[in-house]
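Work through the following exercises with the sequence and the model in view, and try each task before reading its solution.

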Amino acid sequence: ATAAPAPAEAFCGFYVSGSSEQLTNKATRVALMREGTRTVLSMSNDYDGPAQNFAMVVPVPVVLQRENVRTLPHDVFTHIESLTAPRLVEYWEQDPCVPDPPMEELAAAFGGAPPPMAAPSGAARGDLGVRIEAQFTVGEYEVVVLSATQSAGLETWLHQEHYNIPTGAAEYMAPYVREQWKFFVARVNIDRVQRRPGGGVRLSPLRFHYDAPDFRLPVRL
């Protein structure tokens with residue numbers, strides 16, 4: 001029971017692996033931007049688990065191609081957090097009942113004051129109903145984009161690819177299958193990732209963009 005796989009919570013998808021060891025996602029940071037029908041989703045995951053090949057499965061509304069996906073520098077979310085952090089602004093207002101000072105004092109006061117700072121601105125696999133729509137490599141990720149007509153078939157396909165996924169995953173993939181979403185499977189080549197000194201690996205943040213009428217974050221999985 002201690003070796004049983006467990007899903008990563010609060011993550012835009014889930015991890016799958018050929019290992020029976022537990023995969024843990026300590027934190028996920030997501031930046032979601034929208035202009036018109038264009039959505040840009042950037043995602044950074046803090047993975048902790050066995051140092052061997054594994055993959056992330058993320059639902060997406062359309063088939064992504066190589067030009068839609070890229071990796072980002074590790075410090076990109078640090079910059080985003082700095083730019084979007086709350087700022088303290090202090091205003092001072094003079095008592096309206098205080099008599100006006102002489103004109104020469106007023107001119108000297110305004111003349112010496114600094115200006116205000118500006119605010120920073122494929123083909124189906126058997127009868128499982130699974131089809132490989134795109135396949136490419138970006139950074140340490142080997143990406144396959146799948147479409148599926150049945151969630152049970154998708155779960156079986158992942159098992160056939162030797163991924164040890166959580167039991168009953170089909171139930172949680174079913175809503176996305178019904179809505180004809182695709183499944184972005186990013187297999188991690190463990191030999192190309194950055195390793196932490198204390199153990200574990202550091203995954204490059206992923207960014208992908210697509211055009212779709214819906215503006216939503218796929219956190220159901």
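**Exercise 1.** Determine whether Phe 184 is buried or exposed, and then describe its aromatic pair.

*Solution.* Phe 184 has a relative accessibility of 1% and therefore counts as buried, where buried means under 20% relative accessible area, exposed over 50% and partly exposed in between, with a 1.4 Å probe and protein chains only. The model is a predicted one, in which local features need pLDDT of at least 70 and side-chain atom pairs count only at pLDDT 80 or more, while totals for chains, interfaces and linings use all residues. Residues are numbered from 1 along each chain as its sequence is written, and side-chain values use heavy atoms, with hydrogens and water left out.

Rings of Phe, Tyr and Trp (its six-membered ring) pair if their centres lie within 6.5 Å, and planes under 30 degrees apart count as stacked, over 60 as edge-to-face and the rest as tilted. With 5.1 Å from centre to centre and 35 degrees between the planes, Phe 184 and Phe 208 form a tilted pair. This pair links distant parts of the chain, since Phe 184 belongs to strand β8 (residues 182–188) and Phe 208 to strand β11 (residues 206–211), 24 residues apart; strands here are DSSP runs (E, at least two residues), numbered from the N terminus.

**Exercise 2.** Count the aromatic pairs, and explain why the pair of Tyr 176 and Trp 181 is classed as it is.

*Solution.* The count by the ring rule is two aromatic pairs. In the pair of Tyr 176 and Trp 181, the ring centres are 5.5 Å apart and the planes stand at 50 degrees, so this pair is tilted. Tyr 176 is buried at a relative accessible area of 2%, and Trp 181 counts as buried at 4% relative accessibility.

**Exercise 3.** Which residues touch the most other members of the largest nonpolar core, and which strand supplies its largest share?

*Solution.* A nonpolar core is a set of buried Ala, Val, Leu, Ile, Met, Phe, Trp, Tyr and Cys residues joined through side-chain atoms within 4.5 Å. The largest one has 24 residues, of which Leu 64, Val 69, Tyr 141, Val 143, Phe 184 and Phe 208 touch the most other members. At least two residues each come from β3 (38–48), β4 (54–60), β6 (130–138), β7 (141–148), β8 and β11, and β4 gives the largest share, four residues. Another core, of 19 residues, lies apart from it and includes Ala 55, Val 130, Val 144 and Val 185.
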